[in-house]
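Open the structure in your viewer and follow the stops below in order.

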Amino acid sequence: MSLAQTLAELRDKFAKILPESATAIMEGHIESLRKNGALDQILKPGAKAPPFRLKNQHDEDISSVDLIKRGPLVVSFTRGSWCPFCSAEVRALNEVYDQLREAGIELVVLSPQSLDRTRKQATAGKLKFSLLADTDNEIAKAFGLVYTFPEDLKNVYRNVVKVDVQAVNEASSWQLPIPSRFVIDGNGIVRDVKADPDYRYRPEPSEVLAIAREVMGNTNTSAL
């Protein structure tokens, strides 16, 4: 089953479960992010990617600078293991990870959840790539992805979704990143960005694989 099919099933499932009042607030916030220019703040192709060093599920320090030296890097930002849409994307990326590595491309996935939750998600999903704990969304902020929850949305997540985002993330505030995926070339330049304030939609892993392969090819050609 494709990621798109999995996400469609999840959308149908939660459309039946969530009260209309909660859905209206969540939909309204997504629309607000679109109208208020949240996408305009996100790093664009051609920008220099902010370097980062974060802990992965094995307590290793993973450096984006070191990874980029080896070739293109795919950086995916998700909300955390509590989000079924994010979990579906993580599983789908895990399935194509070997293909990425065979093409000389590396992948890391970031979320603001605690390191303990990061370890548990990676173990349960038998993840092959580095799942990184982005404490307080510091790296997501550098990429221009972070938004703060208004009070009505906080109430929906606390009382209906039953997720205390601040507690789950062991964070200083109620903030999440807009789910997104960046392809960064060997020079540290952002070459492609896929981002959507509607967390229920994600690009297929095959899309990023094709783009990263193209970047890899262009990088190799420019070196001749």
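Select helix α1 (residues 3-17) together with helix α4 (residues 84-102), whose axes come within 10 Å and cross at roughly 165°; helices here are DSSP runs of H or I with at least four residues, and axes are lines fitted to C-alpha atoms over the stretch in contact, with angles from 0 to 180 degrees between N-to-C directions. That angle makes α1 roughly antiparallel to α4, a label used for angles over 145 degrees. Now show the side chains of Leu3, Thr6, Leu7, Leu10, Arg11 and Phe14 on α1, and of Pro84, Phe85, Ala88, Glu89 and Ala92 on α4, which make the contact (heavy atoms within 4.5 Å).

This is a predicted model, in which local features need pLDDT of at least 70 and side-chain atom pairs count only at pLDDT 80 or more, while totals for chains, interfaces and linings use all residues. Residues are numbered from 1 along each chain as its sequence is written, and side-chain values use heavy atoms, leaving out hydrogens and water.

Next, select helix α7 (residues 151-161), where Leu153, Lys154, Val156 and Tyr157 are buried (under 20% relative accessible area, with a 1.4 Å probe and protein chains only). What covers these buried residues of α7 includes α2 (20-35) and α8 (165-169).

The contact joins Ala22, Ile25, Met26 and His29 of α2 to Asp152, Leu153, Val156, Tyr157, Val160 and Val161 of α7.

Finally, step just past α7 to Lys162, which takes a positive phi of about 65°.

Conventions. Helix = DSSP H or I, 4+ residues; strand = E, 2+ residues; numbered from the N terminus. Parallel < 35°, antiparallel > 145°, perpendicular 65-115°, else oblique. Buried < 20%, exposed > 50% of the residue type's maximum accessible area, 1.4 Å probe, protein only.
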